[in-house]
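Thanks for coming, everyone. I'll walk you through one structure today. Please look at the sequence and the model first.

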Amino acid sequence: MKQISKNSWAEPFKIKMVELLKMTTPAQRKKALKEAGLNTFLLKSEDVYIDLLTDSGTSAMSDQQWAGMMLGDEAYAGSSNYYHLEDVVKEVYGYKYLIPTHQGRGAEHILSQILIKKGDIIPGNMYFTTTRLHQELAGGRFEDIIIKEAHDSANEFPFKGNVDLNKLETLIKKHGAQKIPYVCIATSVNMAGGQPISIKNLKELRTLTKKYGIRIIHDMTRVAENAYFIQQLEKGYSKKSIKQIVKEICSLTDGATMSAKKDALVNIGGFMATNEWDVFEEARNMVVVYEGLHTYGGLAGRDMEAMAIGIKESVNDNHIRARVGQVIYLGEQMMKYGVPIVKPIGGHGIFVDAKKMLPHIPQHEYPAQTLAAELYLDSGVRTMERGVVSAGRKPNGENYFPKLELVRFTIPRRVYTQAHMDVIAESAARVFERRKKIKGLKMIYEPKYLRFFQARFEQL
Ligand code: F0G
């Protein structure tokens, strides 16, 4: 199997401004965690040392992006930054029509309301929390069509984001193509551990969906990171640039939702894009109700300018190699200590397998939530649960019990150094050493939607 190059990389930037970090004592962390109901989402950021909660909106912008912020054209309508963003989306991704939104879920909301009718089925390569919820709120039902390898944290298949085409065709035959408004395809599948989809699989999917007249909608939140794995591991792509690969991926799909807070290196922003005039026209009508005029969609002009510049920086080969390189470095350190992580290492973070690390804690006692709390107590490193709490409940009220019960160590882009990675891995190793003494949790408060954000817990 092809391997990702081991040649040393270094950050393709130098640091012009720093934000000082605050260190805390074990007693302070214990108090802060209790006040947060043992949920890392409810911690105050000032109580966190190294923040790996998410890679969303946490990137460091470049001097060029900050300069772009000063070029904000804050006209209510027709801001020049909108037209710049539209040009960049066409140039880099190739989609014809653009609707800016305040972030990814704004785009998911509009797209789901336009395309999904009550009773529709939306097949996808693993669920994402907000994406599935918007599909359900529009009356649809999500069906997982990712390959089975993706649900096994130890399986080292390099493209665990791939679609099982047989599963999809069976679904189409069972429900009929008219019940499937689109197939939802994420690049760098978040809940599987940042696992990529291959171009080969995407091409086969394109052929199959064409046969039945079904759209592919691309959740392109982390498309550049996916392109890096294709460049490194897929036959015929080693000489292609990230920019070329990103464009090819997008060309195999009909439209997209984007949370620009990840790949695109901005602190806020997103968009919906489509190649279909009718869908665009409806989205343009809806965006004024829920987000803002179609030339700003809930964003300031300066935000759109920073996004346009960030998109271009995100497809730079040196940037993406250092970005994913840092994630791989952390994963390799953790493996040296024996910490069980999802393999292969994905694009945006390291995912620890909490079922393997805490086999004595059953899933209904939230092993991944427990582990995230223990890591914070150990060192002030903040991670996030991606297991049964994140999976939430089905529309009928039953809990989803996902196969994967993970803690995500998500790496913000261009923010932390290799020395931070060492400190993080050492903390994970310390918690791993005392794993047998760790006890599970019970949930004492559960919000109705996306419970992981605000749920509260107590130790058993
Ligand atoms: N799709 C994917 C794959 C995501 O990872 C996210 C957000 C969204 C859509 C929604 O975008 O947050 O801008 O509204 N993921 C964040 C995370 C929250 O931490 O993984 P949003």
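This is a predicted model: local features need pLDDT of at least 70, side-chain atom pairs count only at pLDDT 80 or more; totals for chains, interfaces and linings use all residues.

Let's begin with the ligand. Which residues come nearest to the ligand? The shell holds 17 residues. Nearest among them are Thr54, Arg105, Asp219, Ser259 and Lys262.

Now look at individual contacts. Thr54 has a side-chain N or O atom 2.7 Å from an oxygen atom of the ligand. For the side chain of Asn190, the distance from an N or O atom to a ligand oxygen is 2.8 Å. For the side chain of Arg222, the distance from an N or O atom to a ligand oxygen is 2.9 Å. And how much of the ligand does the protein cover? On its own, the ligand has 470 Å² of accessible area, and the protein covers 95% of that.

What is the shell made of? By class, there are two nonpolar residues, eight polar and seven charged. Which helix gives the most to this shell? That is helix H4, residues 104–115, with three residues. Hold on to H4, please.

Why does the ligand lie between two domains? Domain 1 covers 26–55 plus 317–459, and domain 2 covers 63–314. Both give residues to the shell, so the ligand lies between them.

The largest pocket holds about 1,400 Å³ of space. Its lining counts 36 residues, and those closest to the centre are Met17, Ala60, Met61, Arg414 and Val415. By class, the lining splits into 15 nonpolar, 11 polar and 10 charged residues. Helix H2 (63–69) supplies at least two residues of that lining, and so does helix H12 (317–336). At the level of domains, domain 1 and domain 2 each supply at least three residues to the lining of the largest pocket.

Next, the second largest pocket. Here the space is about 680 Å³. The lining has 27 residues, and Gln3, Ile4, Lys6, Ile328 and Glu332 lie nearest the centre. Two elements give two or more residues to this lining: helix H8 (223–233) and H12. Which of the elements gives the most? H12 does, with six residues. The classes here are 13 nonpolar, eight polar and six charged. Domain 1 and domain 2 each contribute at least three residues to this lining as well.

Now the cavities. How many cavities of 30 Å³ or more are there? The count is three. I'll describe two of them.

The largest cavity has a volume of about 100 Å³. What lines the largest cavity? Take the lining in sequence order. By class, that gives six nonpolar, two polar and four charged residues. Notice Arg414.

Helix H5 (129–137) and strand E5 (182–186) each supply at least two residues, as does H4. The classes are four nonpolar, four polar and one charged.

Last, the backbone. First, some background. Most peptide bonds are trans, and most residues other than glycine have a negative phi. Now two places to look at in this model.

Where is the cis peptide bond? It joins Lys343 and Pro344, with omega about -5°. Pro344 sits in the loop between H12 and strand E9 (349–353).

The other place is Leu38. Leu38 is not a glycine, yet its phi is positive, at about 55°. Leu38 belongs to the loop between helix H1 (26–35) and strand E1 (50–51).

To recap one point: the ligand lies between domain 1 and domain 2. That's my tour. Thank you.

How values were computed:
Residues are numbered from 1 along each chain as its sequence is written. Side-chain values use heavy atoms; hydrogens and water are left out. A residue is near a molecule or strand if one of its heavy atoms lies within 4 Å of it. A polar contact is a pair of N or O atoms within 3.5 Å; within protein, one must be able to donate a hydrogen and the other to accept it, and residues adjacent in sequence count only if both atoms are side-chain atoms. Accessible areas come from the Shrake-Rupley method with a 1.4 Å probe; for residues, only the protein chains shown count as cover. Helices (H or I, at least four residues) and strands (E, at least two) are DSSP runs, numbered from the N terminus. Ala, Val, Leu, Ile, Met, Phe, Trp, Tyr, Cys and Pro count as nonpolar, Asp, Glu, Lys and Arg as charged, and the others, Gly among them, as polar. Domain bounds come from an automatic or database domain assignment. On a 1 Å grid over the protein atoms alone, a cavity is a set of points where a 1.4 Å probe fits but cannot get out, and a pocket is an open set with protein on both sides within 12 Å along at least five of seven lines; lining residues have an atom within 4 Å of a point. Grid points are joined across faces, edges and corners, and a volume is the space filled by probe spheres set on the points.
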